Amino acid sequence: MKLSDGFHQIGWAIITIIGMIASFAGLIIASKHLPIGIAYPVWTGIGAVGSVIVGVVLFHDQINWLT
């Protein structure tokens, strides 16, 4: 979302929307096979780890063990 500049950069905005749709679709599929009490925390954890990875790769965020 940061790269879309408030959804003014159409290419990044489209990628963001596609990512959101794919993410929710994954949660829907997982919740058909797993209890929501398991599917949702795993989905949230994947999103949190994914956000850290994107921050490090695209924005060169510095992380250390204390963080």
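## The largest pocket

About 600 Å³ of space lies in the largest pocket of this predicted model, where a pocket is an open set of points on a 1 Å grid over the protein atoms alone, with protein on both sides within 12 Å along at least five of seven lines. The volume is the space filled by probe spheres set on the points, which are joined across faces, edges and corners. The lining consists of 19 residues, and those that lie nearest the centre are Met1, Gly19, Gly50, Ser51 and Val54; a lining residue is one that has an atom within 4 Å of a point.

Helices H1 and H2 each supply at least two residues of this lining, and H2 gives the most, with nine residues.

## How the model is described

This is a predicted model, in which local features need pLDDT of at least 70 and side-chain atom pairs count only at pLDDT 80 or more, while totals for chains, interfaces and linings use all residues. Residues are numbered from 1 along each chain as its sequence is written, and side-chain values use heavy atoms, with hydrogens and water left out.

## Overall form

The protein chain has two helices and zero strands, both being DSSP runs numbered from the N terminus (helices are H or I with at least four residues, strands are E with at least two). Along its principal axes, the C-alpha trace of the protein chain spans about 35 × 35 × 15 Å. The radius of gyration of the protein chain is 14 Å, whereas a compact globule of 67 residues would have one near 11 Å; the radius is taken over C-alpha atoms, and the globule rule is 2.2 Å times the number of residues to the power 0.38.

## Surface and burial

Of the 67 residues in the protein chain, 9% are buried, where buried means under 20% relative accessible area, exposed means over 50%, and partly exposed lies in between (1.4 Å probe, protein chains only). The accessible surface of the protein chain comes to about 5600 Å², and 75% of that surface belongs to carbon and sulfur atoms; such areas come from the Shrake-Rupley method with a 1.4 Å probe.

A nonpolar surface patch of about 940 Å² is made by Leu3, Trp12, Ile15, Val49, Val52, Ile53, Val54, Val56, Val57, Leu58 and Ile63. The elements that give two or more residues to this patch are helix H1 (10-33) and helix H2 (36-59), and H2 gives the most, with seven residues. Patches of this kind are made of residues with over 30% relative accessible area and no salt bridge, their nonpolar side chains (Val, Leu, Ile, Met, Phe, Trp, Tyr) being joined within 5 Å; a salt bridge is a side-chain nitrogen of Lys or Arg within 4 Å of a carboxyl oxygen of Asp or Glu. Ile63 has its place in the segment after H2, and at 52% relative accessibility Ile63 counts as exposed.

## Distances along and across the helices

Ala30 is found in helix H1 and, because its relative accessibility is 25%, counts as partly exposed. Between Ala30 and His8 there are 22 residues of separation in sequence and 33 Å in space, C-alpha to C-alpha.

Ile46, found in helix H2, counts as exposed at 58% relative accessibility. Ile46 and Ala22 are 24 residues apart in sequence and, C-alpha to C-alpha, 13 Å apart in space.

## Two positive phi values

Most residues other than glycine have a negative phi. Phe7, in the segment before H1, has a phi near 65°, a positive value in a residue other than glycine, and Phe7 is partly exposed with a relative accessible area of 38%.

His60 lies in the segment after H2 and has a positive phi of about 55° although it is not a glycine. At 61% relative accessibility, His60 counts as exposed.

Methods: Patches are made of residues with over 30% relative accessible area and no salt bridge: like charges are joined within 9 Å, nonpolar side chains (Val, Leu, Ile, Met, Phe, Trp, Tyr) within 5 Å. On a 1 Å grid over the protein atoms alone, a cavity is a set of points where a 1.4 Å probe fits but cannot get out, and a pocket is an open set with protein on both sides within 12 Å along at least five of seven lines; lining residues have an atom within 4 Å of a point.
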